[in-house]
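Me: I would like to learn how to read the features of a structural model. May we work through one together, beginning with a sheet?

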Amino acid sequence: MAAAEFTTPELGDFSAIPPLAPDAMSGSKPYPASGKINEAIGFPAELVPDWEQKAVARLGELLKQYRSLKVYLDACVHCGACTDKCHYFLGTGDPKNMPVARQDLLRSVYRRHFTPAGKLFPQLVGARDLTREALEDWYKYYNQCSECRRCSVFCPYGIDTAEITMAGREILDAVGYGQKYSNEIIGKVHKIGNNLGLPGPALADTLQGVEEDVKEDTGADVRFPLDVKGAEVLLITPSADFFAEPHIDSLIGYGKVFHAAGISWTLSSKASEAGNFGLFIGNYEQLRKIALRVREAALELGVKRIVVGECGHAWRVAYSFWNTLTGIGAGADDPFAVQLQRQLDPRYKQPAHICEVTWDLIQRGALRFDKEANDQRVITFHDSCNVARASRMGDAPGGQFEIPRNIIKAVANKYVEMDPGTTREATFCCGGGGGLLTDELLELRVKGAMPRMAALKQVAEQDGVNFMATICAICKAQFTKVLPYYKFDRGMVGGVHQLVSAAIRIGSND
Amino acid sequence: MSLFFALLFYAAAVIFIAGLGIKIVDYVRTPAPLKIPTTPAPISAGGVWLRMLREAMLFESLFKSNLWLWAFGILFHGALLLVLIRHLRYFTEPVWFWVGWAQPFGLYAGFAMLAGLAGLWGRRFLVERVRYISTPSDHLMLALLAGIGLSGLGMKFIAHTDIVAVKAFFLGLMRFDLQPLPSHPGLYVHLLLVALLLIIFPFSKLLHAPGLFFSPTRNQADDPREKRHLAPWAAELERS
């Protein structure tokens, strides 16, 4: 439908501010979830008749549960600091894609129903009733935010539009107007164990195939074990790693690292998914329920360490939320969490990112590389938003930037940085994160990728960059799709562990 | 008029303190169920204190965003602080030595404050994006602050008022002992607008001042793997 025809933006300066183009993206919205999909995860099948009261009531509940929402709806002064920071605004010019304007879609209703000023003088303070049109705006524009938090870096009060978007989507779900892509995937996780709906036997088959391929390539017996009780490490990775290109090359990289270091590890058929779309729809119960599968798998398999593969939002959930949601972490004194924390080895960070594991092994001299194996590549690194702005690696702030770069430099000779206005905490979203990686939103995804594509073009022309490494399954899938729109080769994007895989010495390490 | 202003200021003070108090208690009581600091973030409580201090005093994030906006913002808020310090002389007897020391700075700050406001207001007209997001109340808030500044400077440079009597009036208010307020139109306007500002503070975007200190993306330490963070309502889920 909406994805019919559009023009790919010209690539110039990544930060060039477009003139306002009101309603430029008012035709962009995802498919609504069907009744079956919604009911499977406990939401009303379709838009409920009394949606207005229900929506306002749900907003009232969220205001009691989330300090972020309450403070952020109050604190904004409309200063405009965020207005030129969103990749979707830079790529589309639609003013409702300015973070503050996106927030105001919800803030105006909050003011009308929950503040004296908005009840008494609605026009004065920009308060409005929740009309059908306003609800439609929520559905459109809360599904044009990838929850990447770039705006929150620049807001003088730290207002995070992701928190507002999540609340907006949660309210929409509560009245039966959720989006198909995320809700369908959440249903699959509960039913089958991963976002792609890959059942246990198929997963076992796939992994066996991977073992055979690696054997053919390297001659080494690198294992990709499934459901092995007593393994030291449980690896939780995005299910795209099991078969999508280029994701699978990183999976092979993880396997080779464990093999070379002699660490026993396993995947789990119960928790064969690192992704957690409960985050995207802002629903705490779903977020928790999906994360609990990992806890159960860890308890059943008796593992000592939990390691997470290359996936941006999954690492946010794992690093920032797992301890809260499931007790995977440290420092608990309640029985629920202590049960698991006793089992996990306290000498290691729980959970750990695969990049932390690999970098630690490199520093200890446990891995050796033939860097020349990557010499055909001039590599740059795309910081994934959730890793950059919502998590950490290692012991010091900013480790999430240094560690992946350190790994790349340890396994390859040619590395180039993109413009500093587009990396680290200022990184631009790939354009497909936050539950928007669906084909009916293709125009949004292509246009939202514009700032990153502009920065990539710069280093491609200046330094001959021909490979952009990243550590996120969504980034990989999104770039594979949109790179050709900007006349880049789709094979330009790949994982950090894909580079590790190419250069690591296995078998002859002793 | 003296009685009117006395009652107005008592009412304004009650609304300001109670309204703000209720808001702050509400912020304190509402849990932040998840760890959401915008990273890279400090990993210790001390680091968080420093981050908050930089945000509150230097507007660190705004500096990263937009230099013009930061310059106008820091000019206005810094000047406002000096002006407020200068005005402490109306509420203290004897005047604290550092308030006396700050008097000349406070005077020039009055102009700096207006310059900052003019810059912020200009953006609302000149920058297309900011024009789009501005509501009538955004303009009125600037008008209110500019009115306070202009009427204040007017009393200093155009038509003086009897500031000794003004001081006696406010010291009297603080002791519940009504003293006459000089009859002066500029003073009436100044005081009326100040009272209005106090009254609307707890109901408006002026809540950005306390809001900053309750912003989870700024005031949380980045330590989720080391410490378990659990909101009371989330802990309930574990018991079911």
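**Strands, cores and contacts**

Reply: Strand E1 (residues 233–236) of chain A runs parallel to E2(A), joined to it by 2 bridges. Strands here are DSSP runs of at least two residues (E), helices are runs of at least four (H or I), and both are numbered from the N terminus. Two strands pair if DSSP finds at least two bridges between them. This is a predicted model, in which local features need pLDDT of at least 70 and side-chain atom pairs count only at pLDDT 80 or more, while totals for chains, interfaces and linings use all residues. Residues are numbered from 1 along each chain as its sequence is written, and chains are lettered from A and ligands numbered from 1 in the order in which they are written.

Me: Which residue stands opposite A:Leu234 in E2(A)?

Reply: A:Thr266 holds that position. On E1(A) there is also a parallel pairing with E3(A), through 4 bridges, where A:Ile236 faces A:Val308. E3(A) in turn pairs with E4(A) in the parallel sense over 2 bridges, and A:Val308 stands opposite A:His353 there.

Me: What is the strand order of the open sheet, and why is one side of E2(A) and of E4(A) left without a neighbour?

Reply: The order of the 4 strands is E2-E1-E3-E4 in chain A, with parallel pairing. Strand E2 (265–266) and strand E4 (352–353) of chain A are at the edges and have a single partner strand each, so one side of each lacks a neighbour in the sheet.

Me: How should I read the two faces of strand E3(A), as buried or exposed?

Reply: In a regular strand, side chains alternate between the two faces of the sheet. A residue is buried if 20 or more other C-beta atoms lie within 10 Å of its own, exposed if 12 or fewer, and partly exposed in between, with C-beta atoms placed from the backbone. In strand E3 (residues 305–308) of chain A both faces are covered: A:Arg305 and A:Val307 are buried on one side, A:Ile306 and A:Val308 on the other.

Me: Which residues touch the most other members of the largest nonpolar core?

Reply: A nonpolar core is a set of buried Ala, Val, Leu, Ile, Met, Phe, Trp, Tyr and Cys residues joined through C-beta atoms within 7 Å. The largest has 194 residues, and A:Leu234, A:Ile407, A:Ile408 and A:Leu499 touch the most other members. Not counting residues up to four places away in sequence, A:Leu234 touches several residues, including A:Thr266, A:Ala297 and A:Ile306. A second, separate core of 5 residues includes B:Phe169 and B:Leu191.

Me: How many residues of each chain are in contact with the other chain?

Reply: Contact requires C-beta atoms, placed from the backbone, to lie within 7 Å. By that criterion, 57 residues of chain B meet 64 residues of chain A. H6(B) gives the most to the chain B side, with 5 residues.

Me: What domains does chain A have?

Reply: The bounds come from an automatic or database domain assignment. That assignment gives domain 1 (47–176), domain 2 (185–359) and domain 3 (368–503) in chain A. The centres of domain 2 and domain 3 of chain A, taken over C-alpha atoms, are 22 Å apart. Their contact takes 31 residues from domain 2 of chain A and 31 residues from domain 3 of chain A.

Me: What ipTM does the predictor give the complex?

Reply: The ipTM is 0.96, and the pTM is 0.96.

Terms used
Contact = placed C-beta atoms within 7 Å.
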